[in-house]
Amino acid sequence: MQPRPKIRRFPRVQAEHAVMVRLLGVRPFEEFARTRIIGPGGCMFVSEESLGFGSLMELSIAVQGRVLKTDSRVVYEIRKSPTEHQVGVEFLRISTADRAFLETLVGRKNAGPALN
């Protein structure tokens with residue numbers, strides 16, 4: 001039996017952008033971070049602290065002179081060191097215009113040289 005390839009709903013690209021993370025809920029928390037991977041359906045960023053699987057947050061991501069706002073949920077977290085956690089989030093709520101912008105950005109990056 002051959003292993004099944006991972007099928008993603010949205011394409012992703014490596015991209016480094018500033019992001020403001022505002023954790024919602026009982027434990028209020030805010031920090032600036034940097035994305036490492038981004039796509040129309042989510043992103044991965046590096047956090048100094050563990051945010052917790054399933055945590056809800058608001059993200060403000062600076063991309064090419066524009067700020068994308070999303071409500072997101074942590075879908076994975078990988079601890080690399082005591083002060084470095086790779087946090088993968090899915091976008092639960094994002095405007096149609098912001099998602100279209102990300103689709104265009106990802107399409108251009110996949111088609112040619114890296115753009116940030």
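Reader: How many of β7's residues are buried?
Author: In this predicted model, eight of the eleven residues of β7 are buried, and the strand is therefore mostly covered.

Reader: Which sense does β7 take when it pairs with β6, and over how many bridges?
Author: The pairing of β6 with β7 is antiparallel and runs over ten bridges, with I78 standing opposite Q86 in β7. The two strands are joined by a hairpin that passes through two residues.

Reader: And what about β4 and β7?
Author: β4 and β7 also pair in the antiparallel sense, here over six bridges, and G42 has E90 in β7 as its bridge partner.

Reader: Stepping back, what pattern does the chain follow along the sequence?
Author: Read along the sequence, the order is β-β-β-β-β-β-β-α, which gives the protein chain seven strands and one helix. Of its 116 residues, 38% count as buried, and among the contacts between residues at least 6 apart in sequence, 51% join residues at least 24 apart.

Reader: Which residues touch the most other members of the largest nonpolar core?
Author: That core has 25 residues, and the ones touching the most other members are F45, L51, M57, L59, I61 and V89. At least two core residues come from each of β2, β3, β4, β5, β6, β7 and α1.

Reader: Take L59, then: what does it touch beyond its sequence neighbours?
Author: Not counting residues up to four places away in sequence, L59 touches V19, M20, V21, C43, F45, L68, K69, T70, S72, V89 and F91.

Reader: Changing topic, how many salt bridges does the structure hold?
Author: The structure holds six salt bridges. One of them joins D98 and R66, whose closest N and O atoms are 3.1 Å apart. Because D98 lies in helix α1 (residues 96-111) and R66 in strand β6, this pair ties together parts that are 32 residues apart in sequence.

Reader: How exposed are those two, D98 and R66?
Author: D98 is buried, with a relative accessible area of 10%, whereas R66 is partly exposed at 30%.

Reader: Which residue does R93 meet in a salt bridge?
Author: The side chain of R93 meets that of D71, at 2.7 Å from N to O. This pair also links distant parts of the chain, since R93 is in strand β7 (residues 84-94) and D71 in strand β6, 22 residues apart. R93 counts as exposed, at 56% relative accessibility.

Reader: Which residues are linked in a network of salt bridges?
Author: R22, E30 and E58 are linked in such a network. Within it, R22 forms a salt bridge with E30, the closest N and O atoms being 3.8 Å apart, and R22 is partly exposed, with a relative accessible area of 35%.

Methods. Residues are numbered from 1 along each chain as its sequence is written. This is a predicted model: local features need pLDDT of at least 70, side-chain atom pairs count only at pLDDT 80 or more; totals for chains, interfaces and linings use all residues. Side-chain values use heavy atoms; hydrogens and water are left out. Helices (H or I, at least four residues) and strands (E, at least two) are DSSP runs, numbered from the N terminus. Buried means under 20% relative accessible area, exposed over 50%, partly exposed in between (1.4 Å probe, protein chains only). Contact means heavy atoms within 4.5 Å. A salt bridge is a side-chain nitrogen of Lys or Arg within 4 Å of a carboxyl oxygen of Asp or Glu. A nonpolar core is a set of buried Ala, Val, Leu, Ile, Met, Phe, Trp, Tyr and Cys residues joined through side-chain atoms within 4.5 Å. Two strands pair if DSSP finds at least two bridges between them.
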